[in-house]
Amino acid sequence: MKSRAVKYQIFILVITISLFFFQTPGHASQKKITIRGAVETALDLTLKEIQGLPEFHINAVSILKEKQNETDKEELIEVSNYSGILLRDLLERAGMEYKRKWEPGVIIRVRGENNEEVVFSFGEIFYSCIGRSTLLSYRKNGQLVKSSNGSLELIVSNDIRNGRRIESVTEIIVERVNIDMKVYQEMKKEITRPPTTYFQLSDKKTGHTKKITFEDLTDLPKVQIHDKAQIGDCVGFMGVYSYTGVTLRSFLEKEQFVSGAYDYSRYVAVYSENGFCATFSIGELFNSKLGNNIVMAYKKDGKILASGEAFLMMVAGEDNTGGRSVKQISNMIVF
Ligand SMILES: Nc1nc2c(c(=O)[nH]1)N[C@H]1C(S)=C(S)[C@@H](COP(=O)(O)O)O[C@H]1N2
Ligand SMILES: [Mo]
């Protein structure tokens with residue numbers, strides 16, 4: 001009788017210990033990353049499965065500390081080589097639900113274990129070279145990162161400071177801004193719209209709005225995008241043009257709609273009356289080596305924009321398609 005009770009106790013002990021090991025949240029083979037929302041196939045991948053996919057390397061990634069105040073000293077944390085999978089490649093595995101003119105209105109939320117959230121615009125990941133710089137990394141300087149509890153770290157090598165770094169990514173959610181895209185219906189009805197003379201700027205959180213006219217842009221530094229090849233998904237090659245305008249960054253700063261410390265879960269949507277819309281993340285505007293090439297243009301090849309584009313259009317100089325070149329801007333919302 002007695003030995004039976006002992007055997008039973010040992011049995012319970014073994015079960016308890018093994019349950020403990022399997023339930024440890026950081027257990028490498030158990031840890032999963034979810035990709036859901038506006039995708040063709042939602043994915044639930046283990047770290048092991050992700051490590052089995054082709055590996056992408058980015059060398060000499062410099063990580064500078066995010067500043068909380070303008071006056072904070074710049075602090076270099078490290079310069080390391082990182083490898084893992086590009087966020088873009090993981091998203092392509094799931095497949096994007098929105099296509100054609102609906103596509104530039106998409107955003108991607110990346111969430112971490114400690115409730116962190118960082119938003120990327122569709123354009124920065126799929127049209128600009130930030131897509132080749134945004135890594136879910138599991139290897140640093142050749143060694144698996146924290147291989148004991150296994151985590152995927154979000155690294156954006158094109159960023160200047162580390163505000164968009166997430167140590168342990170848990171999910172990726174794809175969404176589209178809730179702006180009705182009426183372009184195709186309007187094209188069928190052959191509706192053409194007159195140029196705009198102002199646009200409405202608003203902050204979704206505070207409810208603050210302001211009407212913006214050309215005069216509001218004149219005291220901002222003028223910038224030029226020299227040779228922008230305009231190529232559209234639907235329309236193909238349109239030509240190479242130069243644009244003059246102001247950066248979206250300097251405009252939002254001047255209007256005091258965005259200021260530091262930056263909230264990288266926010267983004268800006270720009271659209272026209274026909275609902276054609278594009279998104280720009282706060283990270284790509286305020287914390288990226290490419291931030292200066294996102295421009296609100298009022299001149300093309302030295303002349304004031306023609307009526308189909310006037311009075312203002314977006315030009316994302318480094319994007320490889322015209323998807324974010326919103327013409328006849330009528331609204332801008334900071335979400
Ligand atoms: N206002 C507005 N801007 C827009 C669009 C649109 O439908 N409406 N289309 C976009 C797309 S998808 C492309 S490829 C380019 C070129 O479009 P276009 O052929 O209408 O000039 O403009 C962009 N800007
Ligand atoms: Mo397009």
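1. **Ground rules.** In this predicted model, local features need pLDDT of at least 70 and side-chain atom pairs count only at pLDDT 80 or more, while totals for chains, interfaces and linings use all residues. Residues are numbered from 1 along each chain as its sequence is written, chains are lettered from A and ligands numbered from 1 in the order in which they are written, and side-chain values use heavy atoms, with hydrogens and water left out.

2. **The ligand's neighbours.** Which residues surround ligand 1? They are Lys101, Val183, Gly232, Val235, Met238, Ser272, Asn274, Phe276, Gly322, Ser325, Val326 and Lys327. A residue is near a molecule if one of its heavy atoms lies within 4 Å of it. By class, this shell has 5 nonpolar, 5 polar and 2 charged residues. Here Ala, Val, Leu, Ile, Met, Phe, Trp, Tyr, Cys and Pro count as nonpolar, Asp, Glu, Lys and Arg as charged, and the others, Gly among them, as polar.

3. **Polar contacts to the ligand.** A polar contact is a pair of N or O atoms within 3.5 Å; within protein, one must be able to donate a hydrogen and the other to accept it, and residues adjacent in sequence count only if both atoms are side-chain atoms. An N or O atom in the side chain of lysine 101 is 2.9 Å from a nitrogen atom of ligand 1. Asparagine 274 has a polar side-chain atom 3.3 Å from a nitrogen atom of ligand 1. For lysine 327, a polar side-chain atom lies 2.2 Å from an oxygen atom of the ligand. Ligand 1 has 510 Å² of accessible area on its own, and the protein covers 82% of that. Such areas come from the Shrake-Rupley method with a 1.4 Å probe; for residues, only the protein chains shown count as cover.

4. **Arginine 164.** This residue lies in the loop between strand 9 and strand 10 (169–176). Helices (H or I, at least four residues) and strands (E, at least two) are DSSP runs, numbered from the N terminus. Is arginine 164 buried or exposed? It counts as buried, because its relative accessibility is 1%. Buried means under 20% relative accessible area, exposed over 50%, partly exposed in between (1.4 Å probe, protein chains only). Its side chain makes a polar contact of 3.1 Å with the side chain of glutamate 124. Another, of 2.9 Å, joins the side chains of arginine 164 and aspartate 159.

5. **Serine 128.** Serine 128 is in the loop between helix 4 (122–126) and strand 7 (134–140). At 7% relative accessibility, serine 128 is buried.

6. **Cis peptide bonds.** One joins glycine 260 and alanine 261, with omega about -5°. Alanine 261 is in the loop between helix 6 (248–254) and strand 15 (267–272). Another joins alanine 310 and phenylalanine 311, with omega about 0°. Phenylalanine 311 is in the loop between strand 18 (303–304) and strand 19 (313–316).

7. **Positive phi.** Alanine 60 is not a glycine, yet its phi is positive, at about 50°. This alanine 60 is in strand 3 (residues 56–64). It counts as exposed, because its relative accessibility is 51%. Arginine 100 is not a glycine either, and has a positive phi of about 45°. Its place is in the loop between helix 3 (87–94) and strand 5 (106–112).
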